[in-house]
Amino acid sequence: MYLAHFGLREAPFGITPDTSFFFACTDYQEALNTLLIAIRHGEGFIKITGEVGTGKTLLCRQFMASINMNHGAAVVSDSGPDQERGAKPGNPAQRFVTAYIPNPYLTPHALLLALADELGIVLKPDVDQHHLLKSLTGALLEFARQGKQVVLCLDEAQAMPLESLEAIRLLTNLETEKRKLLQIVLFGQPELNQKLQQDSIRQLNQRITFHYHLGPLRRDDMDYYLSHRLNVAGYAGGRLFSRGAIRQLYMASGGIPRLVNIMSHKALMLAYGEGRQQVGARHVRAAAKDTGSARNNGWRWWLIVAMLLIAGSALGWVLR
């Protein structure tokens, strides 16, 4: 690998969501602030949408880390809540308890079982729906008595069956005089918006009080994004990506972070293979050509623009 060649401690452009690489540009910081404000105000439903590869899962993990959520929920059984998993003696009680479901393409019963498992609720084998809901309600009430707020984060929410969305909505009907017992954050692709417009779940759509759409990186953010990831990975040298490489990278990726990472990794490998200390535009072009979802037709747009300019000039000459 190229790590030693470029003086890196770790790979800077992995595609696994790693909060140490979270890049707080304006849009991403606004999305994070939206989540933090909504949760701390006790809102029931929050929605974050974004195209594939824009960093929704990374934002979700950064959000959970930012509110210092409890990584281990209290174990709740028929005998009451047990000591919190992972809690150290003498530590102050944490305010938030989290449940994270990365793939909610589940039936309503399976989704509620997953939530119970995330909250550490001990259930009897083959528990029926009635007793499952009773156990969840009891656990949520117990967390509220302990002064804790329970937050459920659902990733890839656009894949959820309508019946499962409705089952989750019904759970949010539980509330004290002050706030909801369960807050839910939906992370999904834009198709989630279309799903929520369906008449059968219009009540859920009305309960979404905060929403943010996560877009791609802006052109002005690209240089800072690359520098940030390289610095986190231990790079301490000069400019590693030439300005031409950055322009090419933005054109080929459209600012989608996942594509930026994939092509940057490949471009670094190509530069390393040639013994170069800097990534150039041709390395990025080769990386883009090898990446199926990259925008490899950028040159065609320039050709069309050039042809239109030539045609316009010719027309102006004829009309004189």
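**Ground rules.** I number residues from 1 along each chain as its sequence is written, and my side-chain values use heavy atoms, with hydrogens and water left out. Since the model is predicted, I kept local features only at pLDDT of at least 70 and side-chain atom pairs only at pLDDT 80 or more, while totals for chains, interfaces and linings use all residues.

**Overview.** I looked up the secondary structure of the protein chain and found 13 helices and seven strands. Helices (H or I, at least four residues) and strands (E, at least two) are DSSP runs, numbered from the N terminus. Of the 320 residues in the chain, 46% are buried. I call a residue buried under 20% relative accessible area, exposed over 50%, and partly exposed in between (1.4 Å probe, protein chains only).

**The sheet.** Next I traced the open sheet: five strands in the order E4-E5-E6-E1-E7, with parallel pairing. Two strands pair if DSSP finds at least two bridges between them. Strands E4 (96–101) and E7 (208–214) stand at the edges with a single partner strand each, so one side of each has no neighbour in the sheet. Neighbouring strands are turned by 15 degrees against each other on average, direction ignored. My axes are lines fitted to C-alpha atoms, for helices over the stretch in contact, and angles run from 0 to 180 degrees between N-to-C directions. I then checked E5 (residues 149–154) against E6 (residues 182–188): five bridges join these parallel strands, and Val151 stands opposite Gln183 in E6.

**Helix H3.** What does helix H3 (residues 56–66) lie across? I found E1 (45–50), E4, E5, E6 and E7, with H3 running at about 155 degrees to E6. Its buried residues include Leu58, Leu59, Cys60 and Phe63. Helix H2 (26–40) is among the elements that cover the buried residues of H3. In H2 I also looked at Thr34, which is buried at 16% relative accessibility. Leaving aside neighbours within four places in sequence, Thr34 is in contact (heavy atoms within 4.5 Å) with Phe210 and Tyr212.

**Cysteines.** My search of the whole structure for disulfides (cysteine sulfur atoms within 2.5 Å) found zero. The sulfur of Cys60 has its closest cysteine sulfur in Cys153, at 4.2 Å, too far for a bond. Cys60 is buried at 0% relative accessible area, and Cys25 is buried at 6%.

**Charged pairs.** A salt bridge here is a side-chain nitrogen of Lys or Arg within 4 Å of a carboxyl oxygen of Asp or Glu, and I count nine.

- Glu142 and Arg145 meet at 3.0 Å, N to O. They are three residues apart in helix H5 (residues 129–145), about one helical turn. Glu142 is buried at 17%, whereas Arg145 is exposed at 62%.
- Glu175 and Lys180 meet at 3.2 Å, N to O. Glu175 is partly exposed at 49%, and Lys180 is buried at 18%.
- Arg239 and Asp223 meet at 3.2 Å, N to O. Arg239 lies in the loop between H9 and H10 (243–253) and Asp223 in H9, so the pair ties together parts 16 residues apart in sequence.
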